[in-house]
Amino acid sequence: MKSAVILCPGLNRDRDMLHALELVTGVKPVTVWHTETKIPDVDLIVVPGGFSYGDYLRAGAIAARSPVLRAVIDKAASGVYVLGVCNGFQILTEAGLLPGALMRNAHLKFVCREVKLETVNTRTAFSNRFDAGQVWRCPVAHHDGNYFADAETLKAIEDNGQVVFRYAEGSNPNGSIHDIAGIVNARGNVLGMMPHPENLVEPLQGGTDGRLLFESLMGELVG
Ligand SMILES: NC(=O)CC[C@H](N)C(=O)O
């Protein structure tokens, strides 16, 4: 599986993502700087986590307007898989690729710990290797992870099965509505999530629960 990782000033999880992608897929990803207007032919584009442009204005708002995001939007429209993690999720919502918004955590504190996620839709390209209802471990590290969508949008994404991951009972670290931790777009080729699956892909990191997400995509691509 060929992948590209987007780089913006202030992102800091790009190295973790590059490592995880190479480890799980066996193929070294390419990197694409934020000023680029073209992205090479790849199966998956990842917008990693961090603090693009210092989270000024709103987390992800400036990166969403950078040249490379236009190319990400075009690639997504052509069906390429796009994964946004943490700040990447914030960037994808700011760019309009995913519905809703990530607000300041309800308790107004930065949260950095492990949570439990429940996979509630296994019929997506990003989740087909999970068992239905599977509860898995995943780290979070953010201050703006409080997912919100208006009632109409929320109903639509729930009815369409676009909620892929929820914080398991008692695990919601930020006040997200409906315990939403990760969603896909209506077409199912763009996923955004606040937790960091790339940080739990080898025993050295304390577990391998995050691998299933990347393996789901790999399985999707080989059929
Ligand atoms: N780890 C991250 O990607 C942080 C995301 C974002 N800047 C926040 O703190 O909400």
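This is a predicted model: local features need pLDDT of at least 70, side-chain atom pairs count only at pLDDT 80 or more; totals for chains, interfaces and linings use all residues.
Q: Switching to the helices, how do helix 1 and helix 5 cross?
A: The axes of helix 1, residues 14-25, and helix 5, residues 211-222, come within 10 Å and cross at roughly 55°, and the two helices are therefore oblique to each other. The crossing in which helix 1 passes helix 5 is right-handed.

Q: Which residues make that contact?
A: Helix 1 contributes Ala 20, Leu 21, Val 24 and Thr 25, while helix 5 contributes Arg 211, Phe 214, Glu 215 and Met 218. By class, this contact of helix 1 with helix 5 has five nonpolar residues, two charged residues and one polar residue.

Q: New topic: what is the phi of Tyr 53, and where is that residue placed?
A: Phi of Tyr 53 is near 50°, a positive value in a residue other than glycine, and Tyr 53 lies in the loop between strand 3 (44-47) and helix 2 (67-77).

Q: Buried or exposed, that Tyr 53?
A: Tyr 53 counts as buried, because it has 20 C-beta neighbours inside 10 Å, and 20 or more is the cut-off for buried.

Q: What about His 178, where is it found?
A: His 178 sits in the loop between strand 9 (163-167) and strand 10 (180-184), and its phi, near 55°, is likewise a positive value in a residue other than glycine. With 16 other C-beta atoms within 10 Å, His 178 is partly exposed.

Note on methods: Residues are numbered from 1 along each chain as its sequence is written. Axes are lines fitted to C-alpha atoms, for helices over the stretch in contact, and angles run from 0 to 180 degrees between N-to-C directions. Helices (H or I, at least four residues) and strands (E, at least two) are DSSP runs, numbered from the N terminus. Angles under 35 degrees count as roughly parallel, over 145 as roughly antiparallel, 65 to 115 as roughly perpendicular and the rest as oblique. A crossing is left-handed if the near helix is turned anticlockwise from the far one by less than a right angle, and right-handed if clockwise. Two residues are in contact if their C-beta atoms, placed from the backbone, lie within 7 Å. Ala, Val, Leu, Ile, Met, Phe, Trp, Tyr, Cys and Pro count as nonpolar, Asp, Glu, Lys and Arg as charged, and the others, Gly among them, as polar. A residue is buried if 20 or more other C-beta atoms lie within 10 Å of its own, exposed if 12 or fewer, and partly exposed in between; C-beta atoms are placed from the backbone.
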